[in-house]
Amino acid sequence: MSGIRTGKLLAGKFHAGGLRLRTVGLRTVGLRTGRRRTGRPETGLVLAVLVIAVVVLWALVPGLFTAHDPIAGVPAEKLRAPDARHLFGTDAVGRDLFARVVHGSVHSLSGAFVAVTVGLLLGTLLGSLAGSAGGLLDDAIMRLVDVLLSVPGLLLALTVIILLGPGTVNVAIAVGVGSVAAFARLARSEVVRVRRTDYVEAAFGSGGRYPAVLWRHVLPNSLGPVVALAALQFGMAILAISTLGFLGYGAEPPTPEWGLLISEGRNYLATSWWLTTLPGAVVVAVVLAAGRISRSIGRGTE
Amino acid sequence: MSLLDIRDLAVSYGGRPALRGISFTVEPEEVVALVGESGSGKSTTAHAITGLLPRGGTVDGGRILLGDADLASWSPRRLESVRGTRIGLVPQDPANSLNPVKTVGAQIGEVFRLHGRGDRRTVRRRVVELLARVGLPDPETRARQYPHELSGGMRQRVLIAIAIALEPELIIADEPTSALDVTVQRRVLDLIDDLRAEFGTAVLLVTHDLGVAAARSDRLVVMKDGLIEERGPTAAVVAAPGAAYTARLLDDAPALSARDFRTAGSDGRGPAIVVRDLVKEFTVGRHAFRAVDGVSFEVARGTTHALVGESGSGKTTTARMVARFADPASGTVEIPGAEPGRLFRRHVQLVYQNPYGSLDPRQSVAEIVEEPLRNFRLGDRAARRTRVAELLDRVALPAGTGTRRPRELSGGQRQRVAIARALAAGPEVLVLDEAVSALDVTVQAQILGLLEELQRDLGLTYLFISHDLAVVRQISHTVSVMSEGRIVESGTTREVFTGPRHPYTRELLAAIPEPVR
C-alpha cells in the first residue's frame, strides 16, 4: 500500500520539477551525471545501472545464475539458512530461494514493463490531447485525471483487478491505470509550456498546420521529462505489483513472483528471516536503482 | 595608492580559462568602464572582485588588492565583511535581483542588520532617507511595497540604494541599465553619477554598450577573450583607438557611428503595408487596457519603417497584429498582394527578438530552414535541399551549418538562421520584432548589414520594431514614435532625428548616450 502512495508522491514532486525544465529533447535524454566536467560517472548511478542490468539478465537467462529448480523442492533441505550452496537459503518445501528470486524476476519485470507502457501511452495521449486542445476538452480530461488522483492508488488497482479478474497481466494493467494520472498531468504541463514558446509560434508562422506542428515540434520537445517519469514509474510499478502479489491478487503459487515470495515467507518470519528479508531487499534495490536512473535522465533533459 | 588594484588575475571555469591574466586599477572617485562583448570576461572580473564567482569558477592566480588587502586570498566568510561595506554591487537584472516576498524596505534594511548598524528605528529612518536619495517619490510608501509593485527603473534604484547603503568606497555596476528603456537608463546613470559626486565613491561600470561607457566613464578598459585589449582615458580611446578591436567596436556601436540617413523615393508601386486606426485591448483584472490606441501608418514598398518606443508602448502588439498573430479589436491592416488564410504567411514573415527561443532546439538548421518549404509544398526533396543551401549561403552561414543544432551556434548565427527561415517561402514583407536587440554590437552591425543587403537584392519591405534609437537611425527610412499605444510623431528618419516636434521624441533622442567628456 505504502509503495503505491510513495509512488504517487514522488511522481507529484517530479511533476512539479518538470514544470521548470527548459530545453528538452529526446536527443539529450541520456544518462548524464552531476560531475559532467570531470567526465567521471557517479558511483551511485553506476551501481543503479548495474543492479538493473543484473535483474534484466536474471529475467533473460536465469540458467546462468542458478542451477537450482525454482519450483521443485528438496524436502530434506527445507528452511536452511543462507550458505554457500543456497545463497538466499531455502523455503518450507526445500526450494532454493535464490533460484526463485532469479526466476521470478521475469514476472516482475514484464509486469512492470506492461504497467509503465499502459501508463505512458494512455497518460501521454490524454495529457497531450488536453494540453494541445485546451478549452472544454482540457477541462474535461484534467478533471477526470483529478478524480483518478483522488482515489488511493491501491484502491484503484484493486477495483480494476476486480473488474478484470486476478492474474499477472491484469495486475500489470491495473497498476498501469493507476499511473495514468501522473503521466497525463506531466505531459499536459510540458505540452502547455512548449506550446507557448516562440519556436512553436514560428512554426505556425512558417505556414505549419496544427497536426504537423504538434507532431514535429510540440511532442518531441515535451517528452523528455515524461521519459524520466517512466523510469521512475518502472521501479514504482515493481513495488506495486509485488504489493498486489503479496495480497494474493497476482500470480498463483507456486509461481516465484517476488511479492508472493515475501507473502509466503511471512509465515516463518520468527524462525526463517531470510524468506522475507532477502526478496524484500531485492525489490528495494531495484526500486531505488530505477529512481536513481530516472533522476539522471531528468537532469539530462535540463 | 589605487583604491582597487588588479594584478594578473586569472579565472577559469572547470579548467576552461575565462580570464587570462588581466591587470588594471581603479582610483578613488573615478569611473572605470569595463567593456567587451559577451564572453569577453568582463562580468567574470566583476564576480571575481566580489568573490561571487558562479559554481565551478576558481581564481587560478593573481591578486585583487582593495587598499592593501588581497581579496583573492580571502575566504568566502571574510569576503562577506567587505561586500556592502567597502564594495557595493549593482546587479544586472532588476527583475530577478530582489526577493519577491519581502518588502523593499526590509531588503534595504537587511544591509544594516547584516553588518550590525543601528537599531530598528534608525534602520527604518535610514531606509526612507536612502529611497528618497535614489529619487523614488513617496519613499515611505515605497518602503512598504513589494518588488512587483515597482517598475524596472524603480527596482534598479532600489538595488542602487542597497549598494550605497553603507557608503562603500567602490560600486561595481554590472550592466546596470541593459534591461531598462533608454530614458530610464539615462536617469539611472545620472543617479550613479550624482552619488559618485556626493560620496566620492569610485565606480567600476561593466557594460557591453560602448555608447554608455563612452558617455559615463573617465577611463576605459576594453576586454576580449579574457585579456585586456586596450586601456586609457575614455576621450583618448574613443578619439583614437589603439587596438584594431576597439576601433571595430567603436565603428559597430550604432550610437557612435555617424552615418547618413537612409532615404528612398517612392517607386510608384504603392504601399506594402497600410495600417488604419488599429486598436487592441487587453483585460487586466476587471479593467480593459488599451495597448494599441488608434495606430495608423503606411510603409512604402522596399523601405524600412521603424516603430520606436519604450516597453509598454504597444509597438510589439502592433507588429503582431500586422503579422496576424493577434487580432485587432478594430481597425484594419492591409497588405496588398497577400492572400487570406494560411497563404498569408508566404507573404509576411516575423523574425523574433530572441534567437535562442525561436528555433526548435531539436531540429537541425537545415530542417528549420526547410520547414516553410515543406509546409507550402514548394518543390520536391532535392529542390528543397538546393534551396536550403542557397538560403544559408544567402545569409552568409558557412556550408556545414545545415547539419548543426541551434545550441551549437552563436546568437548572431542563430538570428541568421531565423532570417533564412523567414526568407524561405519568398515573402515580400518582414516584420522584425527587436530582431537585433539581443546581440552584441559587432554582431548587430553584421545583421543590420545583412538586412540592408537583402532589402536591396530582394526588394523586401521591413517593419522594424525597436527600442534602440541608434539602431533605428541606421536602418530605417521612415519612423513612427509610439508612446502609450499611440503614435506621437512620424516622418522620415531625417525629419524625426534632426527636428523632433513632440517632447517625448526629444526626450528619447536626448537619452541616446553620447560621448560628452
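Author: Of the 302 residues of chain A, 50% count as buried, where buried means that 20 or more other C-beta atoms lie within 10 Å of a residue's own, exposed means 12 or fewer, and partly exposed is what falls in between, with C-beta atoms placed from the backbone. This is a predicted model, in which local features need pLDDT of at least 70 and side-chain atom pairs count only at pLDDT 80 or more, while totals for chains, interfaces and linings use all residues. Residues are numbered from 1 along each chain as its sequence is written, and chains are lettered from A and ligands numbered from 1 in the order in which they are written.

The secondary structure of chain A comes to ten helices and zero strands, with helices (H or I, at least four residues) and strands (E, at least two) taken as DSSP runs numbered from the N terminus. Of the contacts in chain A with a separation of 6 or more, 72% are between residues 24 or more positions apart; two residues are in contact if their C-beta atoms, placed from the backbone, lie within 7 Å.

In soluble globular proteins, nonpolar side chains tend to be buried together. The largest nonpolar core here has 147 residues, and those with the most contacts inside it are A:A237, A:I241, B:V369, B:V431 and B:L463. Helix α8 of chain A, which covers residues 210–246, gives the largest share of this core, with 19 residues. From chain B, the core draws at least three residues from each of domain 2 (260–337 + 428–517) and domain 3 (361–426), the domain bounds coming from an automatic or database domain assignment. Apart from this core lies another one, of 78 residues, which includes B:A143, B:I192, B:L195 and B:A215. As for A:A237, its contacts, leaving aside neighbours within four places in sequence, are A:A112, A:A115, A:V116 and A:V175.

Where the two chains meet, 17 residues of chain A are in contact with 22 residues of chain B. On the side of chain A that touches chain B, α7 (198–205) and α8 of chain A each supply at least two residues, and the largest share of that side, six residues, comes from α7(A).

Chain B is divided into domain 1 (4–252), domain 2 and domain 3, and the centres of its domain 1 and domain 3, taken over C-alpha atoms, are separated by 41 Å. In helix α10 (residues 244–252) of chain B, the buried residues are B:T246, B:L249, B:L250 and B:D252, and they pack against α8 (210–216), β9 (219–224), β10 (227–233), α9 (234–239) and α16 of chain B.

Helix α16 (residues 441–458) of chain B also has a partner in helix α15 (residues 411–424) of chain B: their axes come within 10 Å and cross at roughly 20°, axes being lines fitted to C-alpha atoms, for helices over the stretch in contact, with angles running from 0 to 180 degrees between N-to-C directions. That makes α15(B) roughly parallel to α16(B), since angles under 35 degrees count as roughly parallel, over 145 as roughly antiparallel, 65 to 115 as roughly perpendicular and the rest as oblique. At this meeting, B:G411, B:G412 and B:Q415 in α15(B) face B:V443, B:Q446 and B:I447 in α16(B) as contacts.

Another pair in chain B is helix α3 (residues 104–114) and helix α4 (residues 120–133), whose axes come within 9 Å and cross at roughly 120°, and these two helices are therefore oblique to each other. Among the residues of α3(B) that meet α4(B) are B:I108 and B:F112, and those of α4(B) include B:V127 and B:L130.

B:T201, found in the loop between α7 (182–199) and β8 (202–207) of chain B, is buried, with 22 other C-beta atoms within 10 Å. B:P233, in strand β10 of chain B, counts as partly exposed because it has 13 C-beta neighbours inside 10 Å. Beyond residues up to four places away in sequence, B:P233 touches B:D218 and B:R219.

Technical notes. Core = buried A, V, L, I, M, F, W, Y, C linked by C-beta atoms within 7 Å.
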